[in-house]
Amino acid sequence: MNTVPIQTIIETMFGKYFTDTKMDTKEYRKHINEILEYLPEEFSEEVKNALNDRNRLSLRMRLEKISIYSKNEDEYNELIPDIIKFRNNIAHGRGLENFTIEAIVKMHDIMKNIFNNFVLEIITKTDEQNNSIN
(Lines give C-alpha, C1' and ligand atoms only; values in the text may rest on other atoms or scores of the structure.)
Protein backbone atom coordinates (compact mmCIF):
# COMPACT_ATOMS: atom_id res chain seq x y z
CA MET A 1 0.00 0.00 0.00
CA ASN A 2 1.42 3.36 -0.98
CA THR A 3 -0.68 6.20 0.45
CA VAL A 4 1.44 9.20 -0.51
CA PRO A 5 1.18 8.76 -4.29
CA ILE A 6 -2.62 8.30 -4.28
CA GLN A 7 -3.03 11.59 -2.41
CA THR A 8 -0.52 13.29 -4.69
CA ILE A 9 -2.32 11.92 -7.76
CA ILE A 10 -5.64 13.22 -6.45
CA GLU A 11 -4.16 16.68 -5.82
CA THR A 12 -2.67 16.70 -9.32
CA MET A 13 -5.86 15.55 -11.03
CA PHE A 14 -7.79 18.19 -9.15
CA GLY A 15 -5.73 20.95 -10.72
CA LYS A 16 -6.22 19.47 -14.17
CA TYR A 17 -9.97 18.73 -14.08
CA PHE A 18 -11.39 21.17 -11.55
CA THR A 19 -11.24 24.91 -11.07
CA ASP A 20 -8.37 25.33 -8.64
CA THR A 21 -9.04 28.99 -7.86
CA LYS A 22 -11.54 30.89 -5.78
CA MET A 23 -12.24 33.39 -8.55
CA ASP A 24 -11.33 33.90 -12.18
CA THR A 25 -7.56 34.45 -12.44
CA LYS A 26 -7.85 37.58 -14.61
CA GLU A 27 -10.36 39.10 -12.20
CA TYR A 28 -8.14 38.21 -9.23
CA ARG A 29 -5.07 39.84 -10.85
CA LYS A 30 -7.16 42.93 -11.57
CA HIS A 31 -8.04 43.17 -7.87
CA ILE A 32 -4.38 42.75 -6.88
CA ASN A 33 -3.37 45.54 -9.26
CA GLU A 34 -6.09 47.80 -7.83
CA ILE A 35 -4.76 47.16 -4.32
CA LEU A 36 -1.17 47.81 -5.40
CA GLU A 37 -2.13 51.22 -6.81
CA TYR A 38 -2.84 52.46 -3.29
CA LEU A 39 0.32 51.14 -1.67
CA PRO A 40 3.65 52.88 -1.36
CA GLU A 41 6.01 51.44 -3.97
CA GLU A 42 8.39 49.99 -1.39
CA PHE A 43 5.62 47.63 -0.16
CA SER A 44 4.02 46.73 -3.48
CA GLU A 45 6.35 43.86 -4.48
CA GLU A 46 6.08 42.21 -1.06
CA VAL A 47 2.28 42.51 -1.00
CA LYS A 48 2.03 41.26 -4.59
CA ASN A 49 4.12 38.19 -3.74
CA ALA A 50 2.02 37.53 -0.63
CA LEU A 51 -1.25 37.71 -2.59
CA ASN A 52 -0.21 35.75 -5.68
CA ASP A 53 -1.10 32.30 -4.33
CA ARG A 54 -4.06 33.37 -2.21
CA ASN A 55 -6.50 32.65 -5.03
CA ARG A 56 -5.77 28.90 -4.95
CA LEU A 57 -8.24 26.68 -3.16
CA SER A 58 -6.96 25.32 0.12
CA LEU A 59 -6.40 21.58 0.49
CA ARG A 60 -9.55 21.41 2.62
CA MET A 61 -11.62 23.11 -0.10
CA ARG A 62 -10.24 20.77 -2.76
CA LEU A 63 -10.95 17.70 -0.62
CA GLU A 64 -14.48 18.91 0.05
CA LYS A 65 -15.06 19.50 -3.66
CA ILE A 66 -14.11 15.94 -4.62
CA SER A 67 -16.28 14.39 -1.89
CA ILE A 68 -18.94 13.76 -4.55
CA TYR A 69 -16.79 10.86 -5.77
CA SER A 70 -16.87 9.09 -2.40
CA LYS A 71 -19.19 6.13 -1.87
CA ASN A 72 -19.77 7.34 1.69
CA GLU A 73 -19.62 11.14 1.60
CA ASP A 74 -20.34 11.61 5.32
CA GLU A 75 -17.56 9.24 6.37
CA TYR A 76 -15.18 10.93 3.94
CA ASN A 77 -16.04 14.42 5.20
CA GLU A 78 -15.35 13.31 8.77
CA LEU A 79 -11.88 12.14 7.68
CA ILE A 80 -10.90 15.36 5.89
CA PRO A 81 -9.06 16.84 8.92
CA ASP A 82 -7.07 13.59 9.31
CA ILE A 83 -6.30 13.44 5.59
CA ILE A 84 -5.00 17.02 5.72
CA LYS A 85 -2.91 16.33 8.82
CA PHE A 86 -1.54 13.11 7.31
CA ARG A 87 -0.68 14.76 3.99
CA ASN A 88 0.97 17.73 5.72
CA ASN A 89 3.02 15.45 7.97
CA ILE A 90 4.28 13.57 4.89
CA ALA A 91 4.90 16.74 2.86
CA HIS A 92 6.79 18.50 5.67
CA GLY A 93 8.77 15.49 6.91
CA ARG A 94 6.96 15.09 10.22
CA GLY A 95 6.37 11.71 11.79
CA LEU A 96 3.26 9.61 11.54
CA GLU A 97 3.26 8.31 15.11
CA ASN A 98 -0.14 9.93 15.77
CA PHE A 99 -1.75 7.72 13.11
CA THR A 100 -2.70 4.09 13.64
CA ILE A 101 -2.21 1.69 10.77
CA GLU A 102 -5.99 1.24 10.68
CA ALA A 103 -6.51 4.99 10.21
CA ILE A 104 -3.91 5.13 7.44
CA VAL A 105 -5.49 2.16 5.66
CA LYS A 106 -8.95 3.72 5.96
CA MET A 107 -7.76 7.05 4.51
CA HIS A 108 -5.93 5.24 1.73
CA ASP A 109 -8.97 3.13 0.84
CA ILE A 110 -11.27 6.15 0.73
CA MET A 111 -8.84 8.18 -1.38
CA LYS A 112 -8.37 5.21 -3.73
CA ASN A 113 -12.13 4.87 -4.02
CA ILE A 114 -12.47 8.56 -4.91
CA PHE A 115 -9.71 8.27 -7.50
CA ASN A 116 -11.29 5.17 -9.07
CA ASN A 117 -14.72 6.80 -9.24
CA PHE A 118 -13.24 9.93 -10.76
CA VAL A 119 -11.29 7.99 -13.41
CA LEU A 120 -14.41 5.99 -14.23
CA GLU A 121 -16.30 9.23 -14.81
CA ILE A 122 -13.53 10.59 -17.06
CA ILE A 123 -13.51 7.36 -19.10
CA THR A 124 -17.31 7.40 -19.39
CA LYS A 125 -17.36 11.04 -20.52
CA THR A 126 -14.55 10.39 -23.00
CA ASP A 127 -16.42 7.39 -24.43
CA GLU A 128 -19.61 9.45 -24.73
CA GLN A 129 -17.73 12.26 -26.48
CA ASN A 130 -16.04 9.82 -28.85
CA ASN A 131 -19.34 8.12 -29.67
CA SER A 132 -21.05 11.44 -30.36
CA ILE A 133 -18.32 12.36 -32.86
CA ASN A 134 -18.74 9.14 -34.85
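Is arginine 56 buried, partly exposed or exposed, and what is its relative accessibility? Arginine 56 has 42% relative accessibility, so this residue counts as partly exposed. Buried would need under 20%, and exposed over 50%. The model shown here is predicted.

View 1. The chain has six helices and zero strands. Read from the N terminus, its elements run α-α-α-α-α-α. The chain holds 134 residues, and 28% of them are buried. Now take the contacts with a separation of 6 or more. Of these, 68% join residues 24 or more positions apart.

**View 2. Arginine 56 sits in a loop.** This loop runs between H3 and helix H4, residues 59-65. Leave out residues up to four places away in sequence. Arginine 56 then touches Asp20, Thr21, Lys22 and Arg62. Another pair to find is arginine 56 and threonine 25. They are 31 residues apart in sequence. In space, their C-alpha atoms are 9.5 Å apart.

**View 3. Lysine 22 lies in another loop, between helix H1 and H2.** Helix H1 covers residues 3-17. Lysine 22 touches Arg54, Asn55, Arg56, Leu57 and Met61, again not counting residues up to four places away in sequence. Arginine 56 is therefore on the contact list of lysine 22, and Lys22 is on the list of arginine 56. Look also at leucine 57. Lysine 22 and leucine 57 are 35 residues apart in sequence, yet 6.0 Å apart from C-alpha to C-alpha.

**View 4. Helices H2 and H3 pack together.** H2 spans residues 25-37, and H3 spans residues 41-52. Their axes are 10 Å apart and meet at an angle of about 155°. Angles over 145 degrees count as roughly antiparallel. H2 and H3 are therefore roughly antiparallel to each other. Their crossing is right-handed. On the H2 side, the residues in contact are Tyr28, Arg29, Ile32, Ile35 and Leu36. They meet Ser44, Val47, Lys48, Leu51 and Asn52 in H3. In an α-helix there are 3.6 residues a turn, so residues three or four places apart point the same way.

**View 5. Helix H5 has a kink.** H5 covers residues 73-91, a run of 19 residues. From first C-alpha to last, H5 reaches 25 Å, close to the 27 Å expected at 1.5 Å a residue. The kink is about 45° and lies at leucine 79.

**View 6. Some residues of H5 are buried.** They are Tyr76, Leu79, Ile80, Ile83, Ile84, Phe86 and Asn89. After H5 comes glycine 93. The phi of glycine 93 is positive, near 70°.

Notes
Residues numbered from 1 in each chain as written. Predicted model: local features only at pLDDT ≥ 70, side-chain atom pairs only at ≥ 80, totals over all residues. Heavy atoms only, no water. Helix = DSSP H or I, 4+ residues; strand = E, 2+ residues; numbered from the N terminus. Expected span 1.5 Å × (residues − 1). Bend = angle between axes of the 7 residues up to and from the residue. Buried < 20%, exposed > 50% of the residue type's maximum accessible area, 1.4 Å probe, protein only. Axes fitted to C-alpha atoms, helices over the stretch in contact; angles between N-to-C directions. Parallel < 35°, antiparallel > 145°, perpendicular 65-115°, else oblique. Left-handed = near helix turned anticlockwise from the far one by under 90°. Contact = heavy atoms within 4.5 Å.
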